[in-house]
Amino acid sequence: MKTHPKGTQARVLLSSVFGPYAQDDEFGSRAINPMELYHNQVTRAQGSFSLRMFHRSWGIMMIQANISAPCSLLDFPTRDVFARELTTQHYDMVGISSIIVNVGKVREMCRMVRELSPGSTIVVGGHVAAIPGLEKLIDADHIVRGEGISWMRRYLGEDEHAPIRHPAIVSGLQTRIMGMRLPERKGGTAATIIPSVGCPMGCNFCTTSAFFGGKGKFVNFYETGDQLFEVMCEIESELEVHSFFVMDENFLLHRARAMRLLERMKQAGKSWGLAVFASANAIRKYTMQELVELGISWVWMGLESPVAGYGKLQGTDLRQLTRELREHGIRVQGSTIIGLEHHTRNNIVEEIESAAGYQTDFHQFMLYTPVPGTPLYQEIAAQGRLLSEVDFADIHGQYKFNFQHEALSRDDSKRFLDWAFWRDFERNGPSLYRMCQTMLQGWKRYKHYPDARVRERFAREVKKLGSAYNAALWVMEREFRKVNRTVSERIRSLREEVEKEFPITARATAAVLGPILLWTTRREERRLASGQTYEPPTFLERRNWGPAA
Ligand code: B12
Ligand code: SF4
């Protein structure tokens with residue numbers, strides 16, 4: 001590959017696509033597609049109990065931290081801010097990061113760069129690069145498919161195999177629930193750590209697996225448990241955190257690395273909590289004791305229909321696994337696909353009921369979606385079943401099918417998807433309540449555990465349950481009477497159990513904070529009903545920066 005003529009002297013701007021996001025517009029923003037993980041695809045039917053927060057664009061943060069060229073990073077700009085940055089600074093290169101739904105914004109940003117900074121080389125990366133024929137849709141000089149740190153280093157003439165420097169990333173920001181913004185104090189939020197990208201399991205619909213090489217392939221940033229431990233220690237001291245959001249598609253699959261990490265954590269007395277993504281079969285490679293000692297406090301796991309036959313689920317009784325994890329204080333986020341090939345109007349309700357029956361803490365529902373770049377996309381395209389009129393902005397699995405399903409229409413797909421979210425909420429209650437349930441179970445089981453690290457972690461986590469969360473339970477119990485009386489009664493018994501465990505703090509907080517939370521919750525319901533949406537703030541961060549030569 002030809003390197004940039006200025007090499008590491010090139011001035012680089014890395015940008016995510018412009019907002020606002022949670023509104024319908026001509027560039028592909030959609031009200032249904034906010035820049036929020038939970039509210040977009042997990043708790044969106046939970047009204048004021050929906051967990052809301054933003055996450056930074058970690059891909060470009062990783063790239064910025066690993067190049068030595070002067071580099072600005074613009075996250076969540078508006079069009080005006082992007083234009084201002086292009087005109088007030090000199091950039092030799094502009095890198096735009098995007099996923100497929102935002103291709104319309106990439107097109108506009110390329111146009112703006114050509115107009116406002118005509119000397120800049122335009123590089124486009126991230127999942128948007130999986131669109132076949134993208135070069136004809138946008139005006140860019142380079143389109144980068146797959147891992148971007150090594151590409152960027154190569155392009156700037158740097159050593160692409162140099163060790164990966166991990167930036168200190170606070171995992172979520174501006175968290176709000178029940179109409180309250182949670183205070184942002186140092187160490188109060190987990191740090192994100194990215195051990196690898198891609199997943200070797202290669203499920204046919206999976207975009208992250210396909211994008212980084214597909215079946216059998218993935219890219220490790222940190223090969224060993226020792227490397228990971230060192231990086232986590234650095235981030236722990238920089239951000240003063242005790243917990244990590246481990247952004248790795250299938251963290252537990254790499255058992256040797258995880259077990260070495262555990263060894264190092266034990267030696268150093270680390271009581272870290274880890275939130276991970278893992279497939280059921282990978283989880284089954286560990287005993288509950290190993291998971292708990294490793295600090296696993298939250299697992300995001302696929303719960304696809306047993307009929308679908310994806311390898312990651314075979315031989316595993318998911319219902320029992322989910323129950324067991326929760327009994328050990330591990331919060332479970334299930335993920336269920338709606339609109340699989342075998343789904344019909346006759347069986348889908350039953351399948352959704354069965355999904356809600358897993359009683360996970362959180363539940364993501366997603367439409368079966370052939371996304372460009374995946375084997376499933378090629379398969380459906382070859383069968384002539386792709387609906388070519390569907391805009392890329394609507395291919396994200398939270399709206400309607402983008403292909404001809406044998407038994408379900410596009411409108412059916414939306415109806416059943418929406419109902420799945422609602423049914424899970426109505427049947428199991430707010431996710432915050434379910435989390436409290438899991439936390440209490442974990443605390444009761446492990447408060448006298450011989451390993452002090454484990455006791456310390458549970459004690460740290462349960463503090464909130466014995467105080468603010470109990471006030472939230474008091475509110476949920478009242479508000480949920482309107483939705484499902486039986487669940488409201490279950491919330492009440494949990495509150496009583498919590499108050500038995502922490503008689504003074506829990507009762508006092510419910511009495512003082514409860515009425516305030518009830519008021520903010522109802523105010524939030526009114527705001528949401530009148531169309532309130534939330535947008536992330538803009539960030540501008542410079543590294544290796546000095547005046548242009
Ligand atoms: C965090 C996250 C989010 C955050 C957004 C953060 C942000 N600021 O954009 C939230 C939660 C808000 C979110 C929302 C959505 N997301 Co999202 N998200 C993720 C997640 C879990 C992690 C992304 C990440 O940081 N990965 C780690 C980094 C290191 O990898 P990376 O971003 O891919 O970056 C690497 C390369 O792609 C490349 N690269 C990236 N950018 C650039 C730029 C340049 C110039 C270059 C050279 C290279 C390059 O280099 C990086 C290092 O190797 C991924 C899943 C995943 N495991 O990646 C899904 C994922 C990216 N999201 C996805 C989707 C579909 C969505 C939503 C539409 C939700 C939905 N309905 O499913 C919305 C869109 C919201 C919107 N309006 O834009 C899909 C994208 C599919 C696709 N093919 O386009 C993914 C892959 C999940 C999936 N498997 O379906 N998401
Ligand atoms: S196990 Fe999960 S991350 Fe891995 S390929 Fe399958 S769906 Fe993707």
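This is a predicted model: local features need pLDDT of at least 70, side-chain atom pairs count only at pLDDT 80 or more; totals for chains, interfaces and linings use all residues.
Strand β3 spans residues 71-75. Of its 5 residues, 5 are buried, so β3 is largely enclosed by the rest of the structure. Burial applies to both faces of the strand: C71, L73 and D75 lie on one side, S72 and L74 lie on the other, and all are buried. β3 pairs with two strands described here. Strand β1 (residues 12-16) runs parallel to β3 and is joined to it by 4 bridges. In this pairing, V12 stands opposite C71. Strand β18 (residues 539-543) runs antiparallel to β3, and 5 bridges join the two. Here C71 stands opposite R543 of β18.

Within β3, residue S72 was examined individually. S72 has a relative accessibility of 0% and therefore counts as buried, the cut-off being under 20%. A polar contact of 2.7 Å links the side chain of S72 to the side chain of Y91. When neighbours within four places in sequence are left aside, the residues in contact with S72 are V12, L13, L14, Q64, E85, Y91, L540, E541, R542 and W545.

An open sheet is formed by 3 strands in the order β2-β8-β9, with antiparallel pairing. The edges are taken by β2 (52-54) and β9 (180-181); each has a single partner strand, so one side of each is left without a neighbour in the sheet. The pairing of β8 (residues 173-177) with β9 is antiparallel and extends over 2 bridges. Across this pairing, R176 stands opposite R181 in β9.

Another open sheet contains 7 strands, in the order β7-β10-β13-β14-β15-β16-β17, and its pairing is mixed. At its edges stand β7 (169-170) and β17 (362-367), each of which has a single partner strand, so one side of each lacks a neighbour in the sheet. β7 and strand β10 (residues 191-193) run antiparallel and are joined by 2 bridges. V170 has A191 in β10 as its bridge partner.

Helix α15 covers residues 410-428, which is 19 residues. The distance from its first C-alpha to its last is 27 Å, close to the 27 Å expected at 1.5 Å a residue. Its buried residues are D412, S413, F416, L417, A420, F421, R423, D424, F425 and N428. The residue that follows α15 is G429, whose phi is positive, near 85 degrees.

Two of the buried residues of α15, F421 and D424, also take part in lining a cavity. A search of the whole structure finds 1 cavity of 30 Å³ or more. The largest cavity holds about 30 Å³ of space. Its lining is made up of V42, T43, A45, Q46, H363, F421 and D424.

Helix α9 (residues 255-268) contains R255. R255 has a relative accessible area of 28% and is partly exposed. The side chain of R255 reaches the backbone oxygen of K285 at 2.7 Å. Apart from neighbours within four places in sequence, R255 is in contact with K285, Y286 and E290. Between R255 and N346 there are 91 residues of separation in sequence and 41 Å in space, taken from C-alpha to C-alpha.

Conventions: Residues are numbered from 1 along each chain as its sequence is written. Chains are lettered from A and ligands numbered from 1 in the order in which they are written. Side-chain values use heavy atoms; hydrogens and water are left out. The expected span of a helix is 1.5 Å times one less than its number of residues. Buried means under 20% relative accessible area, exposed over 50%, partly exposed in between (1.4 Å probe, protein chains only). Two strands pair if DSSP finds at least two bridges between them. A polar contact is a pair of N or O atoms within 3.5 Å; within protein, one must be able to donate a hydrogen and the other to accept it, and residues adjacent in sequence count only if both atoms are side-chain atoms. Contact means heavy atoms within 4.5 Å. On a 1 Å grid over the protein atoms alone, a cavity is a set of points where a 1.4 Å probe fits but cannot get out, and a pocket is an open set with protein on both sides within 12 Å along at least five of seven lines; lining residues have an atom within 4 Å of a point. Grid points are joined across faces, edges and corners, and a volume is the space filled by probe spheres set on the points.
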